[in-house]
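I opened a notebook page for this model and wrote down what I looked up, entry by entry.

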Amino acid sequence: MTSSTNKEPTTANDDCVIQPDKAALIRRLNRIEGQVRGVTKMITEDRYCVDVLNQVAALQSALDAVAIKLLENHTHGCVQDAIKSGDGGAAIDEMMTVVRKFAR
């Protein structure tokens, strides 16, 4: 687990990372889930297209913020640990593959 002073993710095993701000991330995702339901309702109620599109843009922005936070945690935790252990090249390559997905 992560101590209250350490804000970097810790690796529990090769595939599991304990997020330092898990509660905040979950709150954000729950809010996003509510926004998605709101957009569904707007479409069901035949709301004005531009209003729906504005909500979709807000959703995209909210998801991007979650992704940036996860990427930041990954960089400060997993990538930093890999660099210290001598496997930094592979970790950086993996991180850049993920970054490219968001740069489209």
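I began with confidence, where pLDDT is the predictor's confidence in each residue, from 0 to 100; the chain has a mean pLDDT of 87, and 85% of its residues reach 70 or more. I noted that this is a predicted model, in which local features need pLDDT of at least 70 and side-chain atom pairs count only at pLDDT 80 or more, while totals for chains, interfaces and linings use all residues. I also noted that residues are numbered from 1 along each chain as its sequence is written, and that side-chain values use heavy atoms, with hydrogens and water left out.

Next I looked up α1 and α2, whose axes come within 10 Å and cross at roughly 160° (axes are lines fitted to C-alpha atoms, for helices over the stretch in contact, and angles run from 0 to 180 degrees between N-to-C directions). The two helices are therefore roughly antiparallel, a term for angles over 145 degrees. Their contact has 16 nonpolar, 3 polar and 3 charged residues, where Ala, Val, Leu, Ile, Met, Phe, Trp, Tyr, Cys and Pro count as nonpolar, Asp, Glu, Lys and Arg as charged, and the others, Gly among them, as polar.

I then picked R31, which sits in helix α1 (residues 22-44) and is exposed, with a relative accessible area of 55%; exposed means over 50% and buried under 20% relative accessible area (1.4 Å probe, protein chains only). Its C-alpha atom is separated by 9.7 Å from that of L59, 28 residues apart along the chain.

For α2 and helix α3 (residues 88-102), I read that the axes come within 9 Å and cross at roughly 165°, so α2 is roughly antiparallel to α3. By class, this contact has 10 nonpolar, 3 polar and 1 charged residues. Among the residues that meet here are A67, L71 and H74 in α2 and G88, A91 and I92 in α3.

Last, I checked C78 in helix α2 (residues 49-84), which counts as buried because its relative accessibility is 18%.

How values were computed:
Helix = DSSP H or I, 4+ residues; strand = E, 2+ residues; numbered from the N terminus. Parallel < 35°, antiparallel > 145°, perpendicular 65-115°, else oblique. Contact = heavy atoms within 4.5 Å.
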